Amino acid sequence: MANASGLVAPTLPSFRRRFSPSLGVYRSGFWFCHGVSRRTVCSSAAQRAEKLSPAESKARRLVSKGCKLVGCGSALPSIQISNDNLSEIVDTNDEWISVRTGIRNRRILSRKESLTAMATEAAQKALQMAKVEPNDVDLVLLCTSTPEDLFGSAPQIQKALGCSHNPLAYDITAACSGFLLGLVSAACYIRGGGFNNVLVIGADALSRYVDWTDRGSCILFGDAAGAVLLQVWLSCDSEEDGLFAFDMHSDGEGQRHLKAGMKENNTDQELATNGSLLGLLPKGSSSYSCIEMNGKEVFRFAVRVVPHSIELALEKAGLGVSSIDWLILHQANQRIIDAVATRLEVPQERVISNLANYGNTSAASIPLALDEAVRSGKVQAGDTIATAGFGAGLTWGSAIVRWG
Amino acid sequence: MANASGLVAPTVPSLKRRFSPPLGIYRSAFWFYDGVSRRALCFSAAQAAEKLSPAQPQSRRLVSKGCKLVGCGSAIPSIQISNDNLSEIVDTSDEWISVRTGIKNRSILSRQDSLTALATEAAQKALQMAEVEPNDVDLVLLCTSTPEDLFGSAPQIQKALGCGNNPLAYDITAACSGFLLGLVSAACYIRGGGFNNVLVIGADALSRYVDWKDRGSCILFGDAAGAVLLQSCDSEEDGLFAFDMHSDGEGQRHLKASMKEDKTDSELGTNGSLLGLLPKGSSSYSCIEMNGKEVFRFAVRVVPHSIELALEKAGLAVSDIDWLVLHQANQRIIDAVATRLEVPQERVISNLANYGNTSAASIPLALDEAVRSGKVRAGDTIATAGFGAGLTWGSAIVRWG
């Protein structure tokens, strides 16, 4: 599968401190402290992670830690569909699509390609950049609404990566906000759960739920995968923490504007007419409809909530808009990106946008945009990024983070 | 829809401290406080949580909190199917099912019922027990593999509950381990993210993915919803003592419901190769496929070990466990785990005889029945474990109330 960008990754500061996951303390549960006074717990946390006797463990304390974004990667499927290609199968044209959405091309998985493999490739690149071995990963979060198994696809990625020690791997289902939620979740797992190296992967194959005869929606979406590795930071200095602040919300009232609801299951299998029980039982497995979207309402929603959310996050972080080095929004529509940037007064040269090439890749869009920006040299270590996801739920969230 | 138990809820100590969420600080991001020295960080955290003006960013600190399980609820759908009912549609018998699995009845959603409504009912009961208003909920975690929308069902529950302030609501997709993961996630959100009242709901409608002609699997599953409310508290009162969670993707082949090749009979114009590449209609998942023997072996192998690890991290012993509340998959798994851990039978919670395997709902459903019947009381220590598709498993040592 093609890489998001052919450029060589710039050198990122690598972390000298490796966390090999000995059973227990490092990968889950708490940091244990000796019976030191509570007041010195933070400074001694790094040295104190040893197993306690049951008596000593009564003195255990919850310790706060920070996190840093230390690696990213992305991967794209091989089939490219241009606006001209689409104009051959639905009533549309390149100019209309470009002007209305900013999209010129998108990629989709072929029938032989798998979302899991694409997500794994993105994750591998993030690990390589971070110089972290699969064996040191203690949590794999797959943010997706389109897994290849009803029960989720994260464990398959864990297997494909070759992570030993059986790190937990599960899916977060939150549509286009998924990656943002995964990022914040990873930070919370690191700070509040003792995890050390958390892979956050955004990957979606919306092409499998698009009605390719509907010109209103088939022009918008593409498939992709992106990943970020978050790593614990033990300095106990909160200013080192790479997640400065966040703001996340949902509004179930708006679900009707963007959904892929469950269909009445249909199958042509014949069951014996054994009475009323069979009449009550589902026949065959349930399935979901294609994506239905009221574009106008979703647009209005996005331009209304996203600037406000970013402002809230900035306020919590104690930062001003001028502190933002890069604005990386979920890549849904160029007009949304422009409207949000304008409202926040973020200059155009600080706005990352790559949806012209990939369309709306749902949970993959933020890490895909970030990865391209990092590998092209735009985003550098120490840069402050304002990022926001928004979409089905309706759900939205923003975060102020530092890269590297 | 029927309640899980008709008994009146025993009084659970309610927390007097209410957190009404002003915008921002309490529901997400950090606790701010005055410029106290780093060494006093943990000690003064609870007292010092005041909001800073944006002009004082240097004083912000990360502060640890604890969490408590303060409310629970459950809900069961209306259609009950007995083993005898099943023996009429597949080649099986009440005796065979009872002996092999411990299940006698299960409930499933009718076509008119919704999983979202069932989950909402469970959540409402948990909030009532906890004496927490929907408006004070700042996070709704729906643990399910069977949402009613591809994009997840949690926001619909948030809407149905009437939560003001637009709390975040999203789905955790982790099969039968889902609730355990949700519980630990909630604790991490409270400790590491500033959240205060987190609803963790386990709800599944596996009946919609069961092959009702397959006697090996159709006897096992039922639909249900359960919920727990976790609330922030001082770290000394923290009720999640330790946990241990893992996955093993190698074992996925033993328990799965994979994506099918899409099929539809809609006709698209033969416009050349592009159409040939595009999916036709939406993708869908197969019915559940399970190698019962391998899953049984997996469960009895990893679950006792996981609980032992969690106990060790918690600095506790098996004798400290008041109740063992496992994912209710099969009575023989429950018995084997209890035996291996040497937990006496009277301390093992089991209700799968009535409900079958309800996936992510099974732990909170069992807990809710045990609480409302008076078995589990405030202060009791519970060892709980989820295990299932992934393969994924996890255990936690918690205190109720």
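In the predicted model, eleven cavities of 30 Å³ or more were identified. The largest cavity has a volume of about 100 Å³. Its lining is made up of A:Ser145, A:Pro147, A:Leu150, A:Thr173 and A:Tyr288, together with B:Ser145, B:Pro147, B:Leu150, B:Thr173 and B:Tyr285. A:Glu148 is placed in the loop between strand S4 (139-143) and helix H6 (154-161) of chain A. With a relative accessibility of 15%, A:Glu148 counts as buried. The C-alpha atoms of A:Glu148 and A:Gly182 are 19 Å apart in space, and the two residues are separated by 34 residues in sequence.

In the pair formed by A:Phe301 and A:Trp396, the ring centres are 5.6 Å apart and the planes stand at 75°, so the arrangement is edge-to-face. Because A:Phe301 belongs to helix H9 (residues 295-317) and A:Trp396 to strand S16 (residues 395-402) of chain A, this pair ties together parts that are 95 residues apart in sequence. A:Phe301 is buried, at a relative accessible area of 4%, and A:Trp396 is likewise buried, at 7%. In chain B, an edge-to-face pair is formed by B:Tyr170 and B:Tyr189, with a centre-to-centre distance of 6.5 Å and an angle of 75° between the planes. B:Tyr170 lies in strand S5 (residues 168-173) and B:Tyr189 in helix H6 (residues 178-193) of chain B, so the pair ties together parts that are 19 residues apart in sequence. Both of these tyrosines, B:Tyr170 and B:Tyr189, are buried. Ring pairs also link A:Tyr170, A:Tyr189, A:Phe195 and B:Phe243 into a cluster. A charged side chain is placed against an aromatic ring in chain A, where A:Lys68 lies over the face of A:Trp233 at 3.9 Å from the ring centre.

A search of the whole structure returned zero disulfides over all chains. For A:Cys67, which is in no disulfide, the nearest cysteine sulfur is that of A:Cys188, 8.6 Å away. The closest cysteine sulfur to that of A:Cys72 belongs to A:Cys143, and the distance of 15 Å is too far for a bond. A:Cys67 counts as buried at 0% relative accessibility, and A:Cys72 counts as buried at 0%.

Backbone geometry was considered separately. Most residues other than glycine have a negative phi, and most peptide bonds are trans. The peptide bond from A:Gly393 to A:Leu394 is cis, with omega near -5°; A:Leu394 is in the loop between strand S15 (384-391) and S16 of chain A. In chain B, a cis peptide bond joins B:Gly390 and B:Leu391, with omega of about 0°. B:Leu391 is located in the loop between strand S15 (381-388) and strand S16 (392-399) of chain B.

The loop between helix H4 (115-130) and strand S4 (139-143) of chain B holds B:Glu131, which counts as exposed at 51% relative accessibility. B:Asn166 is found in the loop between helix H5 (154-161) and S5 of chain B and counts as partly exposed at 29%.

An unreviewed UniProt entry lists residues 311-400 of chain B as "domain: Beta-ketoacyl-[acyl-carrier-protein] synthase III C-terminal". Over this range, residues 311-400 of chain B, the chain is 33% helix and 24% strand, and the end C-alpha atoms are 16 Å apart.

How values were computed
Residues numbered from 1 in each chain as written. Chains lettered and ligands numbered in written order. Predicted model: local features only at pLDDT ≥ 70, side-chain atom pairs only at ≥ 80, totals over all residues. Heavy atoms only, no water. Phe/Tyr/Trp six-rings, centres within 6.5 Å; stacked < 30°, edge-to-face > 60°. Helix = DSSP H or I, 4+ residues; strand = E, 2+ residues; numbered from the N terminus. Buried < 20%, exposed > 50% of the residue type's maximum accessible area, 1.4 Å probe, protein only. Lys NZ or Arg CZ within 6 Å of the ring centre and 35° of its normal. UniProt positions renumbered as here; feature names shortened; annotations may be inferred. Disulfide = S-S within 2.5 Å. 1 Å grid on protein atoms, 1.4 Å probe; cavity = no way out; pocket = protein on both sides within 12 Å on 5 of 7 lines; lining within 4 Å. Points joined across faces, edges and corners; volume = space filled by probe spheres on them.
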